[in-house]
Amino acid sequence: MPSQAPRDAAVIDIGSNSVRLVVYRLEGRAIWTVFNEKVLAGLGRDLAKTGRLSPDGVIQTLQALKRFRAVLEAVNPAETFVVATAAARDAQDGPDFIARVKAEAGFTVRVLTGEEEAHYAAVGVLAGAPDATGVVGDLGGASLELIRLSSTGAGKGVTLPLGPFSLASASGGPNGSLGGGLSGGFDGERVRRLTRERIAAVAADFRTDTFHAVGGAWRNLALLHMRLSGYPLHVVHQYEIPAAEAVEAARLVSHQSKSSLERIEGMSKKRSETLPYAAVVLEILIEQLGLKRIEISAFGVREGLLFEAMPPRVRGLDPLVEGCTALGARQGISDDLGPALETWIAPAFRALAPLFGERDETLISAACRLSDVGARLHPDHRADLVFEQVLRAPIAGQSHAERCFLAVAAHARHATNFNPPELATLERLLSPAQLKRARALGATIRLACDLSGRSPSLLAHSRLTLDKNHLTLAAEPGFADLLLGEQTSKRANTAAQHLGLKPKIITG
């Protein structure tokens with residue numbers, strides 16, 4: 001079972017471009033999005049030109065917040081965080097706006113400082129990828145927050161006026177007109193010059209190999225890169241782009257007309273206006289920070305707020321294992337089966353050469369906790385349905401290759417014949433050895449489940465060992481009959497074949 005009783009929490013994020021309500025189900029360390037509504041209100045659209053919030057943006061934001069109030073009164077989450085970022089922070093009329101939010105929508109808003117915004121963005125990245133290091137960049141409508149991540153956590157951050165609205169107004173005419181802005185056309189060379197000037201002052205402090213990109217514009221850029229490269233797994237979280245390819249995609253976007261961008265599937269009109277600015281900022285960051293790879297994070301400030309509010313013991317748990325535990329607990333039959341399988345399988349698999357470095361044992365733990373996900377599904381379709389769910393489950397803390405590994409293991413746990421729905425995806429993202437190991441793990445989980453009748457207590461009376469020649473099953477005195485039967489022999493033979501071993505069953 002998850003390490004804490006499930007509960008709901010909500011975050012309202014009043015940004016420079018969007019205002020959003022997200023309701024989450026928290027199951028221990030696992031964070032699930034259960035409701036997500038966004039309005040691209042453009043609150044900070046006029047900020048760089050007038051120093052004030054957009055009047056239309058204020059009206060749209062207040063309307064959205066009143067609706068969010070009605071939703072939250074019905075949902076009644078255990079806790080609600082309401083925060084505002086750059087627009088409300090920097091605008092002359094920001095305090096008046098915050099007062100109106102309190103009077104008209106009933107929310108007390110916490111206006112984050114630039115450093116706080118950077119901090120929560122970094123903590124959010126760590127919530128989704130606990131081993132992340134490098135630099136986090138959170139691009140909003142008005143600002144870019146940069147913060148360094150190390151093995152000790154988040155460092156000190158900075159805020160730069162590099163959001164699309166800031167760049168658009170600043171790149172206008174001498175009187176601050178929007179000649180180069182969102183409504184007046186995109187001047188790529190001028191935006192590049194401004195971006196270089198603004199990053200240059202801090203570039204030396206943020207040079208790194210890995211850049212963790214946070215923000216809707218960069219997520220859209222990643223989705224576009226997926227389409228251009230024919231990438232088969234459309235999961236944006238922890239999607240990696242080599243720096244050279246990211247520059248190519250960014251330059252392509254920055255040279256597209258607005259109408260061309262609007263024709264891209266899933267691209268909204270408002271997002272197509274801001275995407276060229278985001279593309280140029282990413283291009284210049286790659287140039288000035290010496291980046292080698294971009295990793296997209298679907299987690300950011302909102303998840304950072306939730307994660308920091310968790311007890312330290314819970315924050316220290318692995319998000320992948322916790323997410324798989326929660327998924328298995330919801331759809332499975334036995335809460336204790338996953339840990340029992342791990343206890344039975346993991347010591348034996350330590351005899352094998354690692355294929356994911358230090359992550360092998362975590363993947364075994366996660367796969368064992370997914371063993372029962374298909375319990376309530378029709379047996380004729382169980383393997384394929386579980387495969388699809390595991391491959392795309394919104395569970396944090398896993399690379400795309402690890403997603404594929406777990407999906408293969410889940411499929412093999414339910415089917416002897418290996419004919420998964422997306423074999424080409426697996427062959428692109430996994431090495432032949434990783435693919436074979438995943439099948440072996442799934443087959444071993446199937447052996448354990450069938451051997452014990454999915455009873456953790458009965459499984460504990462048997463033992464699995466691997467050596468260079470054999471997969472060996474043995475039982476404690478008085479439990480030898482557990483190992484008898486044609487099905488046990490068949491399952492042991494399948495698992496051994498995937499491991500390149502011979503089965504040995506000791507019944508006497």
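Predicted model: local features only at pLDDT ≥ 70, side-chain atom pairs only at ≥ 80, totals over all residues.
Local features were considered at pLDDT of at least 70 and side-chain atom pairs only at pLDDT 80 or more, whereas totals for chains, interfaces and linings use all residues. Residues are numbered from 1 along each chain as its sequence is written, and side-chain values use heavy atoms, with hydrogens and water left out.

The protein chain contains 22 helices and 14 strands, where helices (H or I, at least four residues) and strands (E, at least two) are DSSP runs numbered from the N terminus. Its C-alpha trace spans about 90 × 45 × 40 Å along the principal axes. Of the 508 residues, 57% count as buried (under 20% relative accessible area, with exposed meaning over 50% and partly exposed in between; 1.4 Å probe, protein chains only). Among contacts (heavy atoms within 4.5 Å) between residues at least 6 apart in sequence, 71% join residues at least 24 apart.

An open sheet of mixed pairing is formed by five strands in the order S3-S2-S1-S4-S5, two strands being paired if DSSP finds at least two bridges between them. Strands S3 (30-39) and S5 (110-111) stand at the edges with a single partner strand each, so one side of each lacks a neighbour in the sheet. S1 and S2 run antiparallel and are joined by eight bridges, with Ala10 opposite Val23 in S2; a hairpin of four residues connects the two strands. S2 also pairs with S3 in the antiparallel sense, over nine bridges, and Val22 has Asn36 in S3 as its bridge partner. The hairpin between S2 and S3 has two residues between the strands, and Gly28 in the turn has a positive phi of about 65°. Eight of the nine residues of S2 are buried, so this strand is largely enclosed by the rest of the structure. Helix H2 (residues 55-75) lies across S1 (7-14), S2 (19-27), S3 and S4, at about 25° to S2; axes are lines fitted to C-alpha atoms, for helices over the stretch in contact, and angles run from 0 to 180 degrees between N-to-C directions.

Three strands form another open sheet of mixed pairing, in the order S12-S13-S14. S12 (462-466) and S14 (502-505) are its edge strands, each with a single partner strand, so one side of each is without a neighbour. Neighbouring strands are turned by 15° against each other on average, direction ignored. Five bridges join S12 to S13 (residues 470-475) in an antiparallel arrangement, and Ser462 stands opposite Ala475 in S13. Helix H15 (residues 337-349) packs on this sheet, touching S12 and S13, and its direction makes about 20° with that of S12. Helix H22 (residues 486-499) touches S12, S13 and S14, its direction making about 145° with that of S14.

Helices H5 (residues 114-128) and H12 (residues 301-309) pack at about 75°, with axes 7 Å apart. The pair is therefore roughly perpendicular (65 to 115 degrees; under 35 counts as roughly parallel, over 145 as roughly antiparallel and the rest as oblique). Residues in contact include Tyr120 and Val123 in H5, and Leu305 and Phe307 in H12.
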